[in-house]
Amino acid sequence: MNKKPDFKQKLRREMRNARRRLTVPQQKQNALGLLQTIRRLTQFRRSKNIALYLANDGEISPEQVIHYCRQLGKQCYLPVLHPIKHNRLWFVEYNSDTQLRKNIYKIDEPPLIKAPRRPAWALDLVLLPLVAFDEEGGRLGMGGGYYDRTFSFKQGWRKGRGTQLIGLAHDLQKVEQLKTESWDIPLEGVATESHFYPARR
Ligand SMILES: Nc1nc2c(c(=O)[nH]1)N(C=O)[C@@H](CNc1ccc(C(=O)N[C@@H](CCC(=O)O)C(=O)O)cc1)CN2
Ligand SMILES: Nc1ncnc2c1ncn2[C@@H]1O[C@H](COP(=O)(O)OP(=O)(O)OP(=O)(O)O)[C@@H](O)[C@H]1O
């Protein structure tokens with residue numbers, strides 16, 4: 001096995017360190033800025049069923065967006081690691097009374113038992129975490145391929161069709177250009193605390 005970290009691993013480590021170094025006030029400010037970016041998007045306004053995530057490891061927090069969704073009567077979902085299917089996600093309803101517990105990565109998730117789920121293709125919008133992104137809509141994730149596998153059905157679909165996928169990140173996670181892999185799922189764009197970068201496809 002090749003133990004030398006490749007370019008992707010090195011970039012992952014650097015970016016994860018950089019976002020973890022953000023202070024609590026910076027994180028709060030970015031989460032508020034993110035809400036301002038998101039609320040303007042047509043894809044957000046017309047969506048009823050929206051998947052988000054709970055911030056981990058310095059990720060930009062969609063918490064403000066979740067509160068806003070609840071005010072507007074939009075239904076939120078969280079990703080849950082599929083108990084059997086390798087590296088796939090399930091999406092479970094997330095309401096103010098949802099109990100959470102930690103998954104194998106120590107990320108909070110709702111329990112699967114009796115929880116109302118929604119198939120990935122029936123979500124209107126997915127706001128997904130990422131480690132690094134470029135202005136073309138390229139995304140580098142944590143490396144598990146969870147989102148890539150779960151949304152592989154979108155390969156080859158025209159922009160704007162079906163479940164809309166938008167990456168969320170701090171501006172500091174933007175890089176010059178990422179190499180796209182054949183399995184990478186196409187994003188509509190990336191939203192940060194200050195910008196929306198529509199994918200140029
Ligand atoms: N907040 C959040 N939730 C999410 C994701 C995410 O990136 N962020 N995921 C997006 O896919 C899925 C979980 N995927 C993850 C993949 C790897 C690691 C991780 O920390 N890996 C460790 C190695 C852990 C091990 O193998 O024991 C590491 O790289 O340090 C975390 C989550 C679903 N939920
Ligand atoms: N649709 C797919 N079918 C089978 N394997 C896949 C698929 N998508 C990705 N993979 C595999 O998953 C692994 C991780 O992929 P990659 O490093 O691109 O993940 P990532 O996009 O960083 O992570 P994530 O999607 O979890 O945020 C790769 O080894 C890749 O071969």
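User: Is Phe153 buried or exposed?

Analyst: A residue is called buried if 20 or more other C-beta atoms lie within 10 Å of its own, exposed if 12 or fewer, and partly exposed in between, with the C-beta atoms placed from the backbone. Phe153 has 12 C-beta neighbours inside 10 Å, so Phe153 counts as exposed.

User: Where does Phe153 lie?

Analyst: Helices (H or I, at least four residues) and strands (E, at least two) are DSSP runs, numbered from the N terminus. By that naming, Phe153 lies in the loop between H5 and S10.

User: How confident is the predictor in the chain, and what average pLDDT does the chain have?

Analyst: This is a predicted model, in which local features need pLDDT of at least 70 and side-chain atom pairs count only at pLDDT 80 or more, while totals for chains, interfaces and linings use all residues. Residues are numbered from 1 along each chain as its sequence is written, and chains are lettered from A and ligands numbered from 1 in the order in which they are written. The pLDDT is the predictor's confidence in each residue, from 0 to 100. In this chain 98% of the residues score at least 70, and the average pLDDT is 94.

User: What ipTM does the predictor give the complex?

Analyst: Two values are given for the complex as a whole. The pTM is 0.94, and the ipTM is 0.92.

User: Is Leu187 buried or exposed?

Analyst: Leu187 is found in the loop between S10 and S11. Because Leu187 has 26 C-beta neighbours inside 10 Å, Leu187 counts as buried.

User: Which residues does Leu187 touch, not counting residues up to four places away in sequence?

Analyst: Two residues are in contact if their C-beta atoms, placed from the backbone, lie within 7 Å. The C-alpha atoms of Leu187 and Pro198, which are 11 residues apart along the chain, are separated by 8.5 Å. With residues up to four places away in sequence left out, Leu187 touches Gly137, Arg139, Leu165, Ile166, Gly167 and Ala199.

User: How far apart are the end C-alpha atoms of H2?

Analyst: The expected span of a helix is 1.5 Å times one less than its number of residues. The 16 residues of H2 should therefore span 22 Å, and this agrees with its end C-alpha atoms, which are 23 Å apart.

User: Which residues of H2 are buried, and where around the axis do they fall?

Analyst: The buried residues of H2 are Asn30, Leu34, Leu35, Thr37 and Ile38. They cover an arc of only 165° around the axis, the arc being that of the directions from the helix axis to the C-beta atoms, and so they are on the same side of H2. On the other side of H2, the exposed residues are Pro25 and Gln36.

User: Which elements do the buried residues of H2 pack against?

Analyst: The packing of H2 involves both helices and strands. The buried residues of H2 pack against helix H3 (42-45), helix H4 (63-72), strand S10 (164-168), strand S11 (189-191) and strand S12 (196-198).

User: Which residues of H4 are buried, and why are they said to line one face?

Analyst: In H4, the buried residues are Val65, Ile66 and Cys69. Seen down the axis of H4, these residues fall within an arc of 100°, which is why they are said to line one face of the helix. An α-helix has 3.6 residues a turn, so residues three or four places apart point the same way.

User: Is Lys106 buried or exposed, and what is its phi?

Analyst: Lys106 lies in the loop between strand S4 (101-102) and strand S5 (108-109). With 8 other C-beta atoms within 10 Å, Lys106 is exposed. Although Lys106 is not a glycine, its phi is positive, at about 65°.

User: Which residues come nearest to ligand 1?

Analyst: A residue is near a molecule if its C-beta atom, placed from the backbone, lies within 6 Å of it. The shell around ligand 1 divides into 11 nonpolar, 3 polar and 1 charged, where Ala, Val, Leu, Ile, Met, Phe, Trp, Tyr, Cys and Pro count as nonpolar, Asp, Glu, Lys and Arg as charged, and the others, Gly among them, as polar. Of the 15 residues around ligand 1, those that come nearest are Asn56, Tyr105, Met142, Gly144 and Tyr146.

User: Which helix gives the largest share of the shell around ligand 2?

Analyst: Around ligand 2 there are 13 residues, and the closest are Gly141, Gly145, Asp148, Ser152 and Trp183. The largest share of the shell, 4 residues, comes from helix H5 (residues 146-150).
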